[in-house]
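These are my notebook entries on one structure. I set down what I looked up, entry by entry.

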Amino acid sequence: MGSSYSRSYSPNSGQGGSCNENRGTISRMESTNNYVESVVCQENDLKDNEMKVFDIGEDGKVLVVKQKGEFSAIGTKCTHYGAPLINGALGDGRLRCPWHGACFNLKTGDIEDFPGFDSLPCYQVTVTDKGEVKVRAKISDLKTNKRIKDMGVVSPCEGSVVVIVGGGPSGATCAESLRSEGFKGRITVIAKEPHLPYDRIKVSKIGTVTDIEKLQARSQKYYDDANIEIMKGVEATKIEPNDKLVHLNNGNKLRYSALYLATGSKPRVPDIPGIDLKNIFTVRNYEDSINILTTLGSNQDKDVVVLGLRFIGLESAASCNEKAKSITVVGKQKAPLEQIFGPEIGRSLQKLFEDKGVKFQFETTITKCNGEDGVIKSVELTNGTVLPADMLILGVGTTFNTEFVKDSGLKLEANGAVSVNDKLETNIQNIYAGGDIAHAPVAAYDNKQMTIGHVGLSQYHGRVAALNILKKETSLQTVPFFWTMLFGKSIRYAGCGRAASTLIDGNVDDLKFVIFFFDETDKVIAMASCMRDPIVAQFAEFLHQGKSLYKKDLKDDRFAWTKSIN
């Protein structure tokens, strides 16, 4: 393609033909795949560390990035929820989604940090001696904007066996990563739920009854083709490290070469009178969301009480609000999400909810649930208030699903989390742990160990565990990235640690702000924003590169540091 002096930068090239100079775009059938090739821009149309979206003929759009004098062309939207990547944070050789922090390699399109399962399509780029930037793409990739990583030869063979205990995002990502990185042995995933791995993050955000198939990450055919065995509706009850055995609740035992534990957590249920009445719900899995929506109905005749002022409680309240007669959120704090975002943002979130008709009871909790005929009818609070309650939704934290390993010799923290090193290996060789249950080093927190429950991090753990199981030694470079969506307002947060002070840029009352969180040394340990993308994604990339930011660096220009991430 092009002249003999043309320079080709990106993969997925295939065999090219001569370009029709009059049309500028050619389409053809090659190996039964339909491709398009087009001059999308001139070499000087992009400055270094700049990216732009261009049409590729009439078949779609590509995101072209120029970095270190070279061009890359990738899909335009994040494969997770479709965020426009042109608004993302351009790092060194990769691009971070502005919404939820997923990261993609510029040269391959591969997903390197999460959430999400699919990689981006990556297109061939050629620069001719005339300075024309040509992109060649498969038309089907332009339409789907997603790519599943090649699993290679996946015929089962004798030898190594990896058992993954946990059918959530972490376990699923570990299984996929093992295959895509070349593992040819047996992979068995033990899934407690009767479903294939699915997008659990939507459970507290589902506004209507949704088929489980729409939430599943992959089809059964995908796992069959990849020779990944998913044992649904099965639990591990014991592990024997000396014999390398996992005991299952169906009486079977599985022998493993390497074991990955990603059993996640379960909702905490407070020990109060009446808590076993009907129409009291936790929010963790698909069945929880369907049961809540079915009980709520569509007649707006249910008084709903939500216990908990953090993510799960608030997201549940927002999702149920339009279908409820009334929603009251109860919690011990003085404002919603106050412990995470501080009192100023908490008060603005309170107003956002109250404007939608949601009521609050602060600095109190439930002491008793009252019922009739076995069904909840009201709740009593420590402040003496009695609230009508046809439904009660619990969002008061979680406990770890690690009881089955307590006699295994694994090192556990007092709260039941599994202690691991920077490669996610436990104190027992060839046993790894990740996701919610992992007490793991966090790079953005000076590699101190923490337990963090969030889908993006759990998937990242799955990938890192897979690489280390394959002896492709990979250390954690964790940068926590959280988000929530409340009545159409998205708040993002990157970093971790308890803040000693804060600095707000913008208008918190209008929920359009950036907030900097400082430790005792005035180091910026975290950042949150609303309606100010992609600043939090940029800060996450800044931390990923091992850089530090202090209050004094914000004096003249609070955002000058963003220019240093690429």
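**Helix H5.** I looked up which residues of H5 are buried, and found Phe-311, Gly-313, Leu-314, Glu-315, Ser-316, Ala-317, Ala-318 and Cys-320. The helix spans residues 311–320 and is mostly covered, with eight of its 10 residues buried. I took buried as under 20% relative accessible area, exposed as over 50% and partly exposed as in between, with a 1.4 Å probe and protein chains only. Helices (H or I, at least four residues) and strands (E, at least two) are DSSP runs numbered from the N terminus.

**Basis.** I note that this is a predicted model, in which local features need pLDDT of at least 70, side-chain atom pairs count only at pLDDT 80 or more, and totals for chains, interfaces and linings use all residues. Residues are numbered from 1 along each chain as its sequence is written, and side-chain values use heavy atoms, with hydrogens and water left out.

**Confidence.** I read an average pLDDT of 92 for the chain, with 93% of the residues scoring at least 70; pLDDT is the predictor's confidence in each residue, from 0 to 100. Over residues 1–8 the pLDDT is below 50, and this stretch has 22 contacts in the model beyond near neighbours in sequence. Residues 12–32 also stay under 50, and there the model has 39 contacts beyond four places in sequence. Contact means heavy atoms within 4.5 Å.

**Cavities.** I searched the whole structure and found three cavities of 30 Å³ or more. A cavity is a set of points, on a 1 Å grid over the protein atoms alone, where a 1.4 Å probe fits but cannot get out; lining residues have an atom within 4 Å of a point. Grid points are joined across faces, edges and corners, and a volume is the space filled by probe spheres set on the points.

The largest cavity holds about 160 Å³. Its lining has 16 residues, and those nearest its centre are Ile-111, Phe-117, Lys-149, Glu-176 and Ser-177. Helices H2 (169–180) and H8 (455–469) are the elements that give two or more residues to this lining, and H2 has the largest share, four residues. I counted the lining as six nonpolar, five polar and five charged residues. Here Ala, Val, Leu, Ile, Met, Phe, Trp, Tyr, Cys and Pro count as nonpolar, Asp, Glu, Lys and Arg as charged, and the others, Gly among them, as polar.

The second largest cavity has a volume of about 110 Å³. Of its 15 lining residues, Asp-113, Gly-456, Leu-457, Val-479 and Phe-481 lie nearest its centre. H8 and strand E34 (481–486) each supply at least two residues of this lining, and the largest share, three residues, comes from H8.

**Leu-503.** I located Leu-503 in strand E36 (residues 501–507). Leaving aside neighbours within four places in sequence, I found Leu-503 in contact with Val-514, Ile-515, Phe-516, Phe-518, Leu-554 and Arg-558.

**Strand pairing.** I checked strands E4 (residues 50–55) and E5 (residues 61–67), which run antiparallel and are joined by six bridges. Two strands pair if DSSP finds at least two bridges between them. Phe-54 has Val-62 in E5 as its bridge partner. Five residues lie between the strands of this hairpin, in which Gly-57 takes a positive phi near 60°.

Definitions and conventions. 1 Å grid on protein atoms, 1.4 Å probe; cavity = no way out; pocket = protein on both sides within 12 Å on 5 of 7 lines; lining within 4 Å.
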